[in-house]
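Have the structure open and follow along.

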Amino acid sequence: MKRIILSILIFPVLCVIFINEITKTTIVKSNYKKYYIETINSNLKNVQQCSWVCHNNTNYCKENHVKLLVKYYKTTDPLYFGIVKPLKYTGNYRLANIILLVIIIPLILYALLLKSIQIQYKINNHKRIRND
């Protein structure tokens with residue numbers, strides 16, 4: 001049980017690290033700096049791939065890069081902007097973003113996943129006891 005819990009926690013983190021490191025090798029490093037930190041992506045408009053322009057102007061990204069979700073904008077836009085706007089109103093968008101989307105929501109999802117696994121173990125034990 002402890003191994004499963006540990007692997008469920010570590011596996012997604014390792015996947016994110018792996019994917020980030022692999023994509024770093026395919027991107028030509030830019031000279032663009034954001035908050036005094038050198039970024040991997042540029043700030044130039046590029047129809048082929050997203051850049052900081054997409055981060056700063058969601059509509060540019062939607063017009064040039066999003067292909068599959070166009071028919072779902074009526075559903076996804078209120079959700080997306082419903083998250084982004086309150087984060088901006090906090091006064092520190094970056095910190096609020098990290099706290100909510102990187103820490104709080106993943107912890108809630110992780111806790112729910114663990115609870116689900118725990119309940120499944122109980123169900124399996126009850127079935128085993130009943131069959132014995």
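Helices (H or I, at least four residues) and strands (E, at least two) are DSSP runs, numbered from the N terminus. This is a predicted model, so to speak of local features a pLDDT of at least 70 is needed, side-chain atom pairs count only at pLDDT 80 or more, and totals for chains, interfaces and linings use all residues. Residues are numbered from 1 along each chain as its sequence is written, and side-chain values use heavy atoms, with hydrogens and water left out.

**Pockets**

A pocket is found on a 1 Å grid over the protein atoms alone: an open set of points where a 1.4 Å probe fits, with protein on both sides within 12 Å along at least five of seven lines; lining residues have an atom within 4 Å of a point. Points are joined across faces, edges and corners, and a volume is the space filled by probe spheres set on them. For classes, Ala, Val, Leu, Ile, Met, Phe, Trp, Tyr, Cys and Pro count as nonpolar, Asp, Glu, Lys and Arg as charged, and the others, Gly among them, as polar.

| Pocket | Volume | Lining by class |
|---|---|---|
| Largest pocket | about 710 Å³ | 13 nonpolar, seven polar, six charged residues |
| Second largest pocket | about 270 Å³ | 11 nonpolar, no polar, no charged residues |

In the largest pocket, 26 residues make up the lining, and Trp-52, His-55, Asn-56, Tyr-93 and Asn-97 lie nearest its centre. Its largest share, seven residues, comes from α4. For the second largest pocket, α1 (2-26) and α5 each give at least two lining residues, with α5 providing the largest share, six. Among the residues lining it are Ile-8, Leu-9, Val-102 and Tyr-110.

**Helix pairs**

How do α1 and α5 run past each other? Their axes (lines fitted to C-alpha atoms, over the stretch in contact, with angles from 0 to 180 degrees between N-to-C directions) come within 11 Å and cross at roughly 155 degrees. That makes α1 roughly antiparallel to α5, a term for angles over 145 degrees. In contact (heavy atoms within 4.5 Å) are Ile-4, Ile-5, Ile-8 and Leu-9 of α1 with Tyr-110, Leu-113, Leu-114, Ile-117 and Tyr-121 of α5. By class, this contact has nine nonpolar, no polar and no charged residues.

Now for α4 and α5: their axes come within 8 Å and cross at roughly 130 degrees.

Notes:
Angles under 35 degrees count as roughly parallel, over 145 as roughly antiparallel, 65 to 115 as roughly perpendicular and the rest as oblique.
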